[in-house]
Amino acid sequence: MDSSDKRKQTGESLSQVLQAWGNKGRKLPGDSNEKQVKREVGAFYQALRGASKWAKSLK
């Protein structure tokens, strides 16, 4: 993929966002409340949806 291809740039951005939960060990404090947990799950879900949409654009 050419470096000027917007899909490549989007993929790199999504990768960095998802790495927070994977390789970089993003986590909530043990005393997190329900609102904080729901916000974190929502952010993760949004990132996964973005990655899914991006992957479909490669076909």
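Me: Serine 32: buried or exposed?
Reply: Serine 32 counts as buried because its relative accessible area is 18%, and the cut-off for buried is under 20%. Note that this is a predicted model.

Me: Where is serine 32 in the chain?
Reply: Serine 32 sits in the loop between helix 1 and helix 2.

Me: What does the side chain of serine 32 reach?
Reply: The backbone oxygen of proline 29, at 2.7 Å.

Me: OK, charges now. How many salt bridges does the count come to?
Reply: Two. One of them joins the side chains of glutamate 40 and arginine 26, at 2.6 Å from N to O. Glutamate 40 belongs to helix 2 and arginine 26 to the loop between helix 1 and helix 2, so this pair ties together parts 14 residues apart in sequence.

Me: Is glutamate 40 buried or exposed?
Reply: Glutamate 40 counts as buried, because its relative accessibility is 14%.

Me: And what about arginine 26?
Reply: Arginine 26 is partly exposed, with a relative accessible area of 40%.

Me: Which residue forms a salt bridge with lysine 38?
Reply: Glutamate 34, with the closest N and O atoms 3.0 Å apart. Both residues are in helix 2; because they are four residues apart, about one helical turn separates them.

Me: Are glutamate 34 and lysine 38 buried or exposed?
Reply: Glutamate 34 is exposed, and lysine 38 is exposed too.

Me: Why would such side chains pair at all?
Reply: Side chains of opposite charge can pair when their charged atoms come close.

Me: Switching to rings. How many aromatic pairs are there?
Reply: The count comes to one aromatic pair. Its members are tryptophan 21 and phenylalanine 44, whose ring centres lie 5.1 Å apart with the planes at 65°, so the pair is edge-to-face.

Me: Which parts of the chain does the pair link?
Reply: Distant ones: tryptophan 21 is in the loop between helix 1 (6-19) and helix 2, while phenylalanine 44 is in helix 2, 23 residues apart.

Me: How accessible is phenylalanine 44?
Reply: Phenylalanine 44 has 33% relative accessibility, so it counts as partly exposed.

Me: Last topic, the surface. Which residues make the nonpolar patch?
Reply: Leu28, Val37 and Val41 make a nonpolar surface patch of about 220 Å².

Me: Where is valine 41?
Reply: Valine 41 is in helix 2, which covers residues 34-57.

Me: Why does valine 41 count as exposed?
Reply: Because its relative accessibility is 52%, and exposed means over 50%.

Note on methods: Residues are numbered from 1 along each chain as its sequence is written. This is a predicted model: local features need pLDDT of at least 70, side-chain atom pairs count only at pLDDT 80 or more; totals for chains, interfaces and linings use all residues. Side-chain values use heavy atoms; hydrogens and water are left out. Patches are made of residues with over 30% relative accessible area and no salt bridge: like charges are joined within 9 Å, nonpolar side chains (Val, Leu, Ile, Met, Phe, Trp, Tyr) within 5 Å. Accessible areas come from the Shrake-Rupley method with a 1.4 Å probe; for residues, only the protein chains shown count as cover. A salt bridge is a side-chain nitrogen of Lys or Arg within 4 Å of a carboxyl oxygen of Asp or Glu. Helices (H or I, at least four residues) and strands (E, at least two) are DSSP runs, numbered from the N terminus. Buried means under 20% relative accessible area, exposed over 50%, partly exposed in between (1.4 Å probe, protein chains only). Rings of Phe, Tyr and Trp (its six-membered ring) pair if their centres lie within 6.5 Å; planes under 30 degrees apart count as stacked, over 60 as edge-to-face and the rest as tilted. A polar contact is a pair of N or O atoms within 3.5 Å; within protein, one must be able to donate a hydrogen and the other to accept it, and residues adjacent in sequence count only if both atoms are side-chain atoms.
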